[in-house]
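User: I'm new to this one. Could you take a close look at the place where the two chains meet and walk me through it?

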Amino acid sequence: MIHLANPTQFMRLSARLLPWLRGATLLLLAGGLYYALFRSPQDYQQSETVRIMYVHVPAAWMALFCYSAMAGAAAGALIWKHPLADMAAKATAPIGAAFTLIALVTGSLWGKPMWGTWWVWDARLTSVLILFFLYLGYMALNNAFDDPARGAKASGILAIAGFVNVPIIKFSVDWWNTLHQPASVVKLDGPAIDPSMLWPLLLMALAFTTYYLWVLTLRLRAEVLASRLRAAQRRQALG
Amino acid sequence: MDQLTSYFAMGGYGGFIWPAYTLTAAVLIGLLVASRRTLTARETELDAIRGTEENETADEA
């Protein structure tokens, strides 16, 4: 980890890592989609709409995972001044926002046929919508300053403060009366979901994770180059 | 052909399932393409500015 703190080292390592991340994502996606759309059974209650679960749930998991990573990176930048931490937080934000959007919209598309409604202001849906606004707020605040360091600091504080929303989202279905169903996978007594459905779910979750790492690497490389560009432009201005 | 049609119908729920998958693909592919484009643009910019710096040093030399 400390090794990666050096931007030049990171650029070298990430160049070698990229083809593997691309390959892993495409392979896992192919496998996940095959099982999700063809080989897995329909649900006895939800029939074919259960297939939406294979994009909705992994996206929701990633929405929470990315926010945690973003808040963690922001904390790393604020507390330990890790050189790449701010960049990692900034690079993660749009990816997390994308997954949150996917979770919200696919959830709606699942809710309409199953619950009879596109939306309901229950604790789970509302807190995930708030998560989406937190992502947008982070990105807006980050870009609101001429000095990138100030933008990173301000948005970093927002990211850390907003982290309280993550356990709220997770436990919302336990703490409140919600239309959204309770946890079936990540619970104390193990998953309550059939293996024929658990496997495509886990494959898609892994695919989304490697996708995140792939796009994160691309965006981090771009951030490092942006920093070098600014330095070069400063030299030109002074020279 | 009938099998294909009934598969796409997804028990009557195709109108919800396929948009869900299409949107997911569109968002994820869109983000990937945008990220790649930004990276390439920055690489080009940096090469250009480094090229200028080298030329200036060469001139001074």
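Analyst: Between chain B and chain A there is one salt bridge, meaning a side-chain nitrogen of Lys or Arg within 4 Å of a carboxyl oxygen of Asp or Glu. A:Arg235 makes that bridge with B:Glu53, and their closest N and O atoms are 3.1 Å apart. Before going on: this is a predicted model, where local features need pLDDT of at least 70 and side-chain atom pairs count only at pLDDT 80 or more, while totals for chains, interfaces and linings use all residues. Residues are numbered from 1 along each chain as its sequence is written, chains are lettered from A and ligands numbered from 1 in the order in which they are written, and side-chain values use heavy atoms, with hydrogens and water left out.

Now for the wider interface. Here, 29 residues of chain B are in contact with 42 residues of chain A (contact being heavy atoms within 4.5 Å). The area buried between chain B and chain A is about 3200 Å², and carbon and sulfur atoms give 75% of it; buried area is the accessible area (1.4 Å probe) that two parts lose on being put together, summed over both. On the chain B side, B:Phe16, B:Tyr21 and B:Arg42 lose the most area to chain A, together 20% of what that side buries.

B:Tyr21 also turns up in a cluster linked by ring pairs, along with A:Tyr34, A:Tyr35, A:Phe38, B:Tyr7, B:Phe8 and B:Trp18. For this, rings of Phe, Tyr and Trp (its six-membered ring) pair if their centres lie within 6.5 Å; planes under 30 degrees apart count as stacked, over 60 as edge-to-face and the rest as tilted. Over all chains, the count comes to 16 aromatic pairs. Take A:Tyr34 and A:Tyr35: their ring centres are 5.3 Å apart with planes at 75°, so this pair is edge-to-face. A:Tyr34 also pairs with A:Phe38, tilted this time, at 6.2 Å centre to centre and 35° between the planes.
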